[in-house]
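Please look over the structure below.

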Amino acid sequence: MKKLSVFLNKFGGLFAALALFVGISISNSACAIIWHQPKEPESMKKYKLL
């Protein structure tokens with residue numbers, strides 16, 4: 001359990017930055033599968049380029 005805590009403390013910020021980058025990069029694109037478009041969170045709408 002201690003190793004997991006150390007790992008998360010060391011790389012937690014990196015994972016958060018990566019998740020934000022992925023969210024921003026896909027916020028301007030549509031779903032590739034035409035029959036399912038998940039709802040976008042309100043907080044991600046401020047990152048749209050349009």
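## Helix span and kink

Helix H1 has 25 residues, and at 1.5 Å a residue it should span 36 Å. Its end C-alpha atoms are 35 Å apart, which agrees. The model is a predicted one. H1 covers residues 2–26.

H1 also bends. A kink of about 55° is centred on phenylalanine 11.

## The chain as a whole

The protein chain holds one helix and zero strands. It has 50 residues, and 6% of them count as buried.

The accessible surface of the chain comes to about 4,900 Å². Carbon and sulfur atoms account for 70% of that surface.

## A nonpolar patch

A nonpolar patch lies on the surface. Its members are Met1, Leu4, Phe7, Leu8, Phe11, Leu14, Phe15, Leu18, Phe21, Val22 and Ile26. Together they have about 1,200 Å² of accessible area.

Three of these patch members, Phe7, Phe11 and Phe15, are also linked by ring pairs into a cluster.

## Aromatic pairs

A pair of aromatic rings is described by the distance of the centres and the angle of the planes. The count here comes to two aromatic pairs. One of them joins phenylalanine 7 and phenylalanine 11. Their ring centres are 5.1 Å apart, with 50° between the planes.

Phenylalanine 7 and phenylalanine 11 both lie in helix H1. They sit four residues apart, about one turn of the helix. Phenylalanine 7 also pairs with phenylalanine 15. That pair is tilted too, at 6.1 Å centre to centre and 50° between the planes.

## Exposure of the cluster

Are the rings of the cluster Phe7, Phe11 and Phe15 on buried or exposed residues, or in between? Phenylalanine 7 has 38% relative accessibility, so it counts as partly exposed. Phenylalanine 11, with a relative accessible area of 31%, is partly exposed. Phenylalanine 15 is partly exposed as well, at 42%.

Technical notes
Residues numbered from 1 in each chain as written. Predicted model: local features only at pLDDT ≥ 70, side-chain atom pairs only at ≥ 80, totals over all residues. Heavy atoms only, no water. Phe/Tyr/Trp six-rings, centres within 6.5 Å; stacked < 30°, edge-to-face > 60°. Helix = DSSP H or I, 4+ residues; strand = E, 2+ residues; numbered from the N terminus. Buried < 20%, exposed > 50% of the residue type's maximum accessible area, 1.4 Å probe, protein only. Areas by Shrake-Rupley, 256 points an atom, 1.4 Å probe, with all protein chains shown as cover. Expected span 1.5 Å × (residues − 1). Bend = angle between axes of the 7 residues up to and from the residue. Patch = residues over 30% accessible without salt bridge, like charges linked within 9 Å, V, L, I, M, F, W, Y side chains within 5 Å. Salt bridge = Lys/Arg side-chain N within 4 Å of Asp/Glu carboxyl O.
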